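The following paragraphs guide a new reader through one protein chain, from its overall build to selected details. Please keep the sequence and the structure in view while reading.

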Amino acid sequence: MALNVGAAIGLTRFRIGAKDQTADRLRAFEVMVARDWDRFWRYAYRMCGNADDAEDLLAESLGEAFQAFGQYRGQGFDKWIFRILTTNRIDMTRRAKLRQAKSLDTGWTDENGDGQTCDVVDHLGNPEISLMDSTLSERMQTALDGLPEDYRAAVLLCDVEQMPYSEIAEMLGLPIGTVRSRIHRGRTAMRKTLESLGWS
C-alpha cells in the first residue's frame, strides 16, 4: 500500500529521532510535504516502477530532506525534494546493480528441473496506484522502465511535472543542452518501445 502523508511523516520522525525535532520545524515540514504529496508520490512511483520501491525512496528522501531542512531557504521546496528523490533513486539503482539481485519475474529451476515462479503482491486494489495507472498506462510505464535513470528523471520532470528545461537543468545540476538531449533521447527511446508494444 502506498504511503500517505501521515505515514511518510511518521517514518521521517522515526528516522531522524525525536531529539532532533522541534515542533515548529516539523510542522512546517509536514505542511510543505503535504502540499505537493501527490506529485512526490507520482514521481517516486514512476521513477521506481512499483509501489514498494517508491515507498522506500520516499521514506529515505523525506528523512534526508528533514535532516537538511534547517538549510532550506524558502524557495523551490518541490524542486529540492525532486532533486533528492532523483539522486537517491540513482543511488538505489547503483546499489541494486552491485548486489546483482535477480528479478522475481525470472523464476528459477528447482532440484527436479521444473520451472518455478514467485507470487508477487498485486497492488492494483490500491486506489492511489489506480489513479497513477489512469494517468500513465502500463505500456507507458514499461517504456519509462526501459530508460536509464537519468533520462527517466529528465522526461518525468519535463513531461509529467511540466517543468521548463532551465529549471530541470538547475535542479539536476546539468547544462541545459544535456537536459534537452536526455529528454529528446528519452522520448525517442520511449516512442520506439511503445511502437513495439503496438501503441502508435
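What percentage of the 200 residues in the chain is buried? The model examined here is a predicted one, and in it buried residues account for 40% of the 200 residues. The accessible surface of the chain amounts to about 11,500 Å², and carbon and sulfur atoms contribute 50% of that area.

The secondary structure comprises 10 helices and two strands. Read from the N terminus, the order of elements is α-α-α-α-α-β-β-α-α-α-α-α. Contacts also join parts of the chain that are separated in sequence: of those between residues at least 6 apart, 69% join residues at least 24 apart.

Helix H3 covers residues 37–48. Its 12 residues reach 16 Å from the first C-alpha to the last, close to the 16 Å expected at 1.5 Å a residue. H3 is mostly covered, with 11 of its 12 residues buried. Among these buried residues are Trp37, Phe40, Trp41, Tyr43 and Tyr45, and they also include the arginines Arg39, Arg42 and Arg46. After H3 comes Gly49, which has a positive phi near 85°.

Asn50 then caps the N-terminal end of helix H4, with a side-chain oxygen 3.2 Å from the backbone nitrogen of Asp52. H4 itself consists of 17 residues, 51–67. The length of H4 agrees with expectation because 17 residues at 1.5 Å a residue should span 24 Å, and the end C-alpha atoms are 24 Å apart. An α-helix has 3.6 residues a turn, so residues three or four places apart point the same way. The buried residues of H4 include Ala51, Ala54, Glu55, Leu58, Leu62 and Phe66.

A search of the whole structure finds 10 aromatic pairs. One of them is formed by Phe29 and Phe77, whose ring centres are 6.1 Å apart and whose planes stand at 80°, an edge-to-face arrangement. This pair links distant parts of the chain: Phe29 belongs to helix H2 (residues 23–35) and Phe77 to helix H5 (residues 77–99), 48 residues apart. Both Phe29 and Phe77 are buried.

Which residues do ring pairs link into a cluster? The cluster consists of Phe29, Phe40, Tyr43, Phe66, Phe69, Phe77, Trp80 and Phe82.

Key: Residues are numbered from 1 along each chain as its sequence is written. This is a predicted model: local features need pLDDT of at least 70, side-chain atom pairs count only at pLDDT 80 or more; totals for chains, interfaces and linings use all residues. Side-chain values use heavy atoms; hydrogens and water are left out. Rings of Phe, Tyr and Trp (its six-membered ring) pair if their centres lie within 6.5 Å; planes under 30 degrees apart count as stacked, over 60 as edge-to-face and the rest as tilted. Helices (H or I, at least four residues) and strands (E, at least two) are DSSP runs, numbered from the N terminus. Buried means under 20% relative accessible area, exposed over 50%, partly exposed in between (1.4 Å probe, protein chains only). Contact means heavy atoms within 4.5 Å. Accessible areas come from the Shrake-Rupley method with a 1.4 Å probe; for residues, only the protein chains shown count as cover. The expected span of a helix is 1.5 Å times one less than its number of residues. A polar contact is a pair of N or O atoms within 3.5 Å; within protein, one must be able to donate a hydrogen and the other to accept it, and residues adjacent in sequence count only if both atoms are side-chain atoms.
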